[in-house]
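Colleague: I am new to this structure and would like to be walked through a few of its details. Could we begin once it is in view?

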Amino acid sequence: MLDLKKQGKFPDNESFQWCHESMSAVASHSDRARSATIAIEVDSLVKIYKNATDPALNNFSLSVEGGSFFGLLGPNGAGKTTALSIITGLLAPDSGSVTILGLRLDRHLRQIQTKIGLVPQDLALYENLTATENLVFFGRLYGLAGRELQTEIDRCLEFTQLQEQRNRRVSTFSGGMKRRLNLSAGMLYQPDILFLDEPTVGIDAQSRQLIHERLTDLNRQGTTLIYTTHYMEEAQELCSHVGIIDDGRIIQQGRTMDLTRQQGFNNLNDLFFSITGKKLRDV
């Protein structure tokens, strides 16, 4: 196993404080709970940032079935990233509650953190490290070590088709390769629920297609996926369920096909614009 400290490559912990906070308690997954009917229950979340004129979340409520591929959709500034940050325990709400796999987030944060993974929108990678060294670092944060860690690294690199690039520095990777490695880091310890914040933004069609295929495989294996994206055709293809957020609250949620048909639309794109409008939301 690589010793990053001896090589002088161990990164500055402060730059990834979010990872320490959310992953430090991660342990074994012998008590996986995929059988829960409702994986995530969010009730009346409110979040107002300092000096903001409007709340980022305004009575935000959400229900996600276990084993579903759930798309959280909304225009820029609608509250998607704030919602994910609160649900994953990285940000405290001003009011409201979150229950994950039957556990209240405010009472069982550390236990919940052993069951969830996060693939953030901003790449959570160290450019001066190789792919393997990045996964060693994150794996150790998750509590993995030795043969178990190496096995998980091999599995994730194979899953994202990065085996042959494992010893290359991330600084030499294409955008698509970085996104795939970002995904590998989020699924290292096989979480019950995986949160993905725009995981395919700014990448080529081939990398996007591979990520789609791998996420579909992961979902079929029983992992609940929470997925944010601005690409409606992507959500239409991947997501069994969607929730449309605007102005900090959920406007519509349900099975993707049912929502479009009930509202009289042929596709998710038309439904989305009928709810959120076409006014630019540059933030």
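Modeller: Leaving aside neighbours within four places in sequence, His 212 is in contact, meaning heavy atoms within 4.5 Å, with Thr 200, Tyr 227, Glu 234, Glu 237 and Leu 238. This is a predicted model, in which local features need pLDDT of at least 70 and side-chain atom pairs count only at pLDDT 80 or more, while totals for chains, interfaces and linings use all residues. Residues are numbered from 1 along each chain as its sequence is written, and side-chain values use heavy atoms, with hydrogens and water left out.

Colleague: Is His 212 buried or exposed?

Modeller: His 212 lies in helix α8, residues 205–220, where helices are DSSP runs of H or I with at least four residues and strands are runs of E with at least two, numbered from the N terminus. Buried means under 20% relative accessible area, exposed over 50% and partly exposed in between, with a 1.4 Å probe and protein chains only. Because the relative accessible area of His 212 is 4%, the residue counts as buried.

Colleague: Which kind of aromatic pair do Tyr 126 and Phe 137 form?

Modeller: The structure holds 6 aromatic pairs, a pair being rings of Phe, Tyr or Trp (its six-membered ring) with centres within 6.5 Å, called stacked if the planes are under 30 degrees apart, edge-to-face if over 60 and tilted for the rest. Since the ring centres of Tyr 126 and Phe 137 are 5.3 Å apart and their planes stand at 80°, the pair is edge-to-face.

Colleague: Where in the chain do Tyr 126 and Phe 137 lie?

Modeller: The two residues, both buried, are 11 residues apart and link distant parts of the chain. Tyr 126 is in the loop between β6 (116–119) and α5 (131–141), whereas Phe 137 is in helix α5.

Colleague: How are α5 and α6 oriented to each other?

Modeller: Helix α6 covers residues 146–159, and its axis lies 10 Å from that of α5 at an angle of about 125°; axes are lines fitted to C-alpha atoms, for helices over the stretch in contact, and angles run from 0 to 180 degrees between N-to-C directions. The contact is made by Thr 132, Leu 135, Val 136, Gly 139 and Arg 140 of α5 and Leu 149, Ile 153 and Leu 157 of α6. Angles under 35 degrees count as roughly parallel, over 145 as roughly antiparallel, 65 to 115 as roughly perpendicular and the rest as oblique. The two helices, α5 and α6, are therefore oblique.
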